[in-house]
Amino acid sequence: MRPDPTQHDPHAHLCSDHAGEGPTVWDLPVPASLKREWLELETRRHFLGRTGKALAWAGLASILGRNPSTAFARPGAPVSFAPHFAPKAKRAIYLFMAGAPSQIETWDYKPGLTAMYDKDLPESVRGGQVLTGMTSSQARLPVAPSPFGFTQHGKAGHWVSNLFPYTARVADELTVVKSLHTEAINHEPAILQITTGSMFAGKPSIGAWLSYGLGAMNEELPTFVVLTSKMPVRANVQALSNRLWSSGFLSPEHAAVALRSGGDPVLFLNDPEGVSRDVRRAMIDGVNAMNRDLYESVGDPEINARVAQYEMAFRMQASVPDLTDLSREPQSTWDLYGERAKEPGTFAYNCLMARRMAERGVRFTQIFLRSWDTHGDLPARIRDLAKDSDQPTYALIEDLKRRGLLDDTLVIWGGEFGRTVYSQGGLKPDNFGRDHHPRCFSMWMAGGGVKRGLAYGETDDFSYNIVRDPVHIRDFHATILHQFGFDHNRLSFKFQGLDQKLTGVLPAKVIHGLLA
Amino acid sequence: MSPSPEKPTSLPRAAENLYSRPRRLVTALLCLALVAGLSALPLLWPADGQERSSLAIFFGRLHPLFLHFPIALLAVVPLMEVCALFRRGRHLRASVGFILWLTVAGSLAATVLGWLLAWAGGYSGELVNNHMLGGCLLSLAVLLAALLRRQLVRRGPGSVGILYPVVLLAALGLLVWTAHQGGQLTHGERYLEEHMPNPLRRWLGLPERERKPARTPAAGAAEASVPGATPAPAAQPVSFFEERIMPAFDRTCVSCHNPNKTKGGLRMDGYEHLLVGGDSGPSIVAGDAARSELYRRITLPHDDEEFMPTDGKKPLTAEETEWIKQWINAGASPDAPLSELSGVAVLAAPKAAAPAANAGPQVPDYHPQLEAVRAWERAWGLRLVPVSQSGTDGLILRTASSPSRCTDEAIAALGALGDLIVDAELARSAVTDRALAEIAAWRHLRRLDLTQTAVTSRGVESLMKATGLRALNLTATAVEESALAPLRARVGLTVYAAPELGTK
């Protein structure tokens, strides 16, 4: 199903942000209502399902005065639009800490907990909340303070965990949000909700919406890229799947291209021996010609998406090797990111790749780092995870900053929910676990027009309930779209009888307090 | 109430008497009930400006459909009566009764639907009340005329005397009065007189029409400079609001937002009413068009339910919308002079005058240049991308797909399009110092990215002319720090330069 431009804003100037020689939407003199009607007629179900409409289609073709399949867009050209208003961010890098990092050890400093060590969590704080099956059978819920100290950093005086000595150096760039909350209590629905806005699989991811709304900055590279990272520790690891970066009901070209963490970044991208680039080009041209014939006869827009994928793959054959060739990086890069950045697939390598993609105009890069799901052995595991990710995270911010890219690059760090203040299982000062906690969790953002050095929202003394400025995931999404120039209520796509939006049907608000 | 058939006069009197007594009673009662009913509707459920159930509004909106039938029918009745006075038109007399009763039915239906529209459709005010009164009186007059005519036919001309033609003429008069008010409700109070020729105006005692209002500052100035031609207002500076905004509202909005028809509780017939606003709160937030309900409504997609003007009325022009935006953003003053505001107007003199508050000078709308934009894109394989859907947010020069195509020649070929560019993404492109001389002259350039290009300290000197620049990125270029000193000293400009970050 192709994005319907008329859904987006029928009076928008349909200015696609894609290069190329073919006609672009600048060229369209066709009224929006006709386009909408035509697109509706063109979808497979309508077209093949009702022969009566086929006649109408032919009629419309004569109204348009040309073949309908060429009247709108060249096959494969993503249809995209200008934002509703001037955006602050051009691109985003989302450091996704899958498994849910504990807010208590990272960004939500609760000094009062030390005195509460091994005391029971007051019933009034829990407020009768139903616990997960993992801790509901526990005889008691003993409070576990963070074994890691916190120190204030920067002019803003952010309290930063001693787990993050590097990130602390750029504390003044960060806006820390301590009051995110969600409904989901288990990983898969929670990750789906924060990446796609819905606990149910099948919705487009944030990056897919941005690709749909904005198009590519660089035609040679995917608009939306996912990088998965090698894990420093392997325990309680949840699988990642392309549900988290799919295009859902949007056209498939808006889905992320996931670069692999080991071996070839993209499988089967290299031409086999004996196949030259010219031969490959000729082959793709041939297949495209057949696909276009098919499109002319059945009008299924999925065919155009397929053509686009072939073209993208062909372009990536040239652009990805250039992207992943780190041999020309100056020494200052390795000083900044550390030597581990030379090893493909590490979090450090991925952060460096994210900066390289930001430079080249990839809109949305999402880096996944897993195994933050610390039900047990939390102190040791979180120390390893922080050690692996702290320096690269700092390096990314610092690198974007010194290259003048941070102003219009939104960097986001966070997981899918929070963790409980009480210990799961036995509690020792240096060994305990924390269960899932959806009522509050912390994230931070930097660049892209958000405030610098701000701490937003507040939780109670147990980091259990939010006491000030709650931010729902929907609000978080609305705020991201706002930074890219979109009114989240107007960036929509008609599917299953609903104007589908990233923020769904429940009310969502842009958190203006976060914005510079 | 069935139309009574024309009875042959030969019917025996006794037989008529036999039936007429109870029938007359029924007729009288029915008429009384109608009178009571019609007067009760607007009295019990007046038009109070509230919107009610959409089903009621739906039926109410059939009012315009129904009302034209009784109008035409009623106009035809006297015509037929007059024709019937002559021998060749006599046969018409047989049909007049039928038509008159049809008029009665039609006007009753139109009246009830009209009340429904007024009650449910958010109308209020004197005009709509008068219109309703007129509609009720008209229905009653037509009913009376029909009854009188029946009497006339039955009892002969002597029975009702001159009453029938008098009532009929009164109904016609009421029709004209009521219909005119209906027209005013729909099209605005000055719909009819707006283009009325002056002799007719004088005759009707209306004020004479002014000359065509000055649409452009140039025209306004020219007019004022003509000696002797109404020099009165020249002494006082003309306010932007009165000269630009109010005429636009008058033409587009006031027909539904006035004291008589106050849709959504909003009046737009005066400055103070705009501030008070309507059911959705104040219509303007001085200084912030983006948060102003009025501006939001007029800039929605035209098929949006909330778009104004609604119901397919002619929308504000792009020019007027722009004026409104500027006027609100400049503080929405009722008496800021025309000259002051039009200085920042896109449409006024193209000379970039004093920059407005903090937004910098407004970029000219890119829409008129689309042809040129496309031609340049095709010629060079590069992109000029709109910052947003708003034409005056400018364009981004985007080269990321193939930066090597962006040469000095490509930049030179932009010509006047350069003034539309606010953001030039030239990282890794082939531009050199030569292009910088051109780029420095682009009047609205705010961000310039020259990362990893061949520009040198000499080229950067020419950027001193680019006074609107906010961010300059010279990462991984050979530009020396000494050449950057004057730029770094400039307030509001951030310079990024780190020669060591280049590739090996």
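Student: In which loop of chain A is A:Met199 found?

Tutor: The model is a predicted one. A:Met199 is found in the loop between α8 (187-196) and α9 (206-214) of chain A.

Student: Why does A:Met199 count as partly exposed?

Tutor: The relative accessibility of A:Met199 is 31%. Buried means under 20% and exposed means over 50%, so at 31% A:Met199 counts as partly exposed.

Student: Which residues is A:Met199 in contact with, leaving aside its neighbours within four places in sequence?

Tutor: The contacts of A:Met199, with those neighbours left aside, are A:Glu183, A:Ala184, A:Pro189, A:Leu192 and A:Gln193. As for distance, the C-alpha atoms of A:Met199 and A:His187 are separated by 9.9 Å, and the two residues are 12 residues apart along the chain.

Student: What makes A:Thr151 partly exposed?

Tutor: A:Thr151 has 37% relative accessibility. A:Thr151 is found in strand β2 (residues 150-153) of chain A. Leaving aside its neighbours within four places in sequence, A:Thr151 is in contact with A:His158, A:Trp159, A:Val160 and A:Asn162. The C-alpha atoms of A:Thr151 and A:Pro165, 14 residues apart along the chain, are separated by 9.5 Å.

Student: Why is strand β5 (residues 224-228) of chain A called mostly covered?

Tutor: The count is 5 of its 5 residues buried, where buried means under 20% relative accessible area. In a regular strand the side chains alternate between the two faces of the sheet. In β5(A), A:Phe224, A:Val226 and A:Thr228 lie on one side and A:Val225 and A:Leu227 on the other, and all are buried, so both faces are covered.

Student: How do you know that β5(A) and β7(A) pair?

Tutor: Pairing requires at least two bridges. β5(A) and strand β7 (residues 364-369) of chain A have 5 bridges, so they pair, in the parallel sense. In β7(A), the bridge partner of A:Val225 is A:Thr365. With strand β6 (residues 257-259) of chain A there are 3 bridges, so β5(A) pairs with β6(A) as well, again in the parallel sense. The bridge partner of A:Val225 in β6(A) is A:Val257.

Student: Why is α10(A) called roughly antiparallel to α11(A)?

Tutor: Helix α10 (residues 277-298) and helix α11 (residues 301-324) of chain A pack at an angle of about 170°, with their axes 9 Å apart. Angles over 145 degrees count as roughly antiparallel, so α10(A) is roughly antiparallel to α11(A). The crossing of these two helices is left-handed. Among the residues making the contact are A:Ile284 and A:Tyr295 of α10(A) and A:Val307 and A:Phe314 of α11(A). By class, the contact has 11 nonpolar, 4 polar and 6 charged residues.

Student: What makes β1 and β6 of chain B edge strands?

Tutor: The open sheet of chain B has 6 strands in the order β1-β2-β3-β4-β5-β6, with mixed pairing. β1 (383-386) and β6 (494-496) each pair on one side only, and these are the edge strands. Neighbouring strands of this sheet are turned by 15° against each other on average, direction ignored.

Student: How do you know that β5(B) pairs with β6(B)?

Tutor: Strand β5 (residues 471-473) of chain B is joined to β6(B) by 3 bridges, and at least two are required, so the strands pair; they run parallel. B:Leu472 stands opposite B:Val495 in β6(B).

Key
Residues numbered from 1 in each chain as written. Chains lettered and ligands numbered in written order. Predicted model: local features only at pLDDT ≥ 70, side-chain atom pairs only at ≥ 80, totals over all residues. Heavy atoms only, no water. Axes fitted to C-alpha atoms, helices over the stretch in contact; angles between N-to-C directions. Helix = DSSP H or I, 4+ residues; strand = E, 2+ residues; numbered from the N terminus. Parallel < 35°, antiparallel > 145°, perpendicular 65-115°, else oblique. Left-handed = near helix turned anticlockwise from the far one by under 90°. Contact = heavy atoms within 4.5 Å. Nonpolar A, V, L, I, M, F, W, Y, C, P; charged D, E, K, R; others polar. Buried < 20%, exposed > 50% of the residue type's maximum accessible area, 1.4 Å probe, protein only.
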